[in-house]
Amino acid sequence: MKVIYSKHYNIDLGLLNYLHPFDGTKFQTIYDGLKKNAGVEFVEPSDAVSMDIIDEFLSSIMQHRVRNKNGIFQALEVPRIPLIGFSFLDRKILTPMRWGVAGTIFGATQALKNGGVYWNVSGGYHHAMQQNMEGFCIYNDVGICHQQLIKNGLLSANDKILIIDTDAHHGNGNAYTFMENRHVTILDVYNAGIYPTSGYTRDRVDIPVPLPPGTDGQTYLQRYSEALEKLDNDYRLAFVVAGTDTLMSDKLGGLCLSIDDVAEREKLTLKALSQHSIPTVMLGGGGYSKDSAKSVIRAISTCVDLVRQSRDSHFS
Ligand SMILES: [Zn+2]
């Protein structure tokens with residue numbers, strides 16, 4: 001299994017790490033937990049995505065807002081700190097996120113060229129959109145990636161794309177980004193009792209699985225399996241926002257999955273996509289608990305064998 005990781009993904013604010021429950025160095029922990037796994041091959045993008053590519057995607061107002069520290073503070077849901085300038089935020093938080101976007105583009109490009117699964121441990125910024133940034137998401141990596149793949153001739157605008165979103169939060173940014181694009185199918189499993197609650201974006205989801213707060217793993221996996229059966233088999237590419245904020249220990253997600261449940265979920269995802277031979281890029285998404293890194297390590301380890309077996313029969 002190809003796992004996309006760069007040491008540049010890590011967000012380390014030093015003394016300011018307390019500002020957000022997000023464990024910004026979990027990517028390093030995931031790498032350390034998998035580096036001895038013979039079934040994992042680490043690959044990485046060569047550079048962070050450029051601001052030119054970001055700007056191509058953004059509305060003109062957003063091109064200014066992503067360069068303004070107050071807007072960034074708001075989107076990151078942290079208090080404004082007068083002494084911190086934009087350059088600090090850019091270096092410590094936004095540049096790692098642009099590496100994450102580069103990882104998504106790299107993974108999608110490779111998946112389209114070679115088939116199979118590329119697992120970006122970062123990315124999955126599903127609350128960002130052309131006109132807004134929120135929920136700790138600044139750049140909508142799926143939208144930016146889709147735009148670049150078409151521009152580079154790897155996809156046509158009419159190619160069918162699948163977005164599966166199993167993060168605990170509804171992916172309003174992806175829904176908004178592809179609001180008018182009927183070539184993009186969205187399957188979204190989310191806690192219906194938490195942010196974001198916009199009916200406008202929730203209604204865009206083609207295969208919605210809204211769950212009540214506190215849903216347990218068994219129910220979640222049952223409902224998710226039923227949803228996966230509704231997928232077509234002719235998608236050119238699948239993006240999967242595999243957030244680990246569905247874990248019971250996560251304070252923000254409000255669902256009750258165990259680490260094994262999340263691993264089982266990723267197995268269900270990859271089994272369904274491999275049955276349809278859909279090139280796939282997995283994305284980190286949200287995950288704010290102390291168990292998040294442990295859960296990703298378990299999930300990738302569990303899926304390594306599955307992907308290896310599937311590659312011979314389904315993936316080319
Ligand atoms: Zn989330």
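Hi everyone, let me start in the sheet: strand β5 (residues 184-191) and strand β6 run parallel, joined by five bridges. Strands here are DSSP E runs of at least two residues, helices are H or I runs of at least four, and both are numbered from the N terminus. Two strands count as paired if DSSP finds at least two bridges between them.

A quick word on the source: this is a predicted model, where local features need pLDDT of at least 70 and side-chain atom pairs count only at pLDDT 80 or more, while totals for chains, interfaces and linings use all residues. Residues are numbered from 1 along each chain as its sequence is written, and side-chain values use heavy atoms, with hydrogens and water left out.

Back to β6, residues 207-211: I207, V209 and L211 make up a covered face, and P208 and P210 an uncovered one. V209 is also the residue opposite V189.

On to β4, which pairs with β5 in the parallel sense, again over five bridges. L162 has T185 as its bridge partner in β5.

Now the metal. D167 (OD), H169 (ND1) and D245 (OD) coordinate the zinc ion at 1.9 to 2.1 Å, and their spacing along the chain is D-x1-H-x75-D. Donors are N, O and S atoms within 2.8 Å of the metal (3.2 Å for Na, K and Ca); water is not among the atoms, so the site may look incomplete. Both D167 and H169 are buried.

Next, helix α5, residues 86-114. Its 29 residues should span 42 Å at 1.5 Å a residue, and the end C-alpha atoms are 39 Å apart, which agrees; the expected span is 1.5 Å times one less than the number of residues. There is a bend of about 40° at L94, with a proline, P96, following within four residues. That bend is the angle between axes fitted to the seven residues ending there and the seven starting there. Just after α5, G115 takes a positive phi of about 75°.

That's my tour, so over to you!

Methods. Buried means under 20% relative accessible area, exposed over 50%, partly exposed in between (1.4 Å probe, protein chains only).
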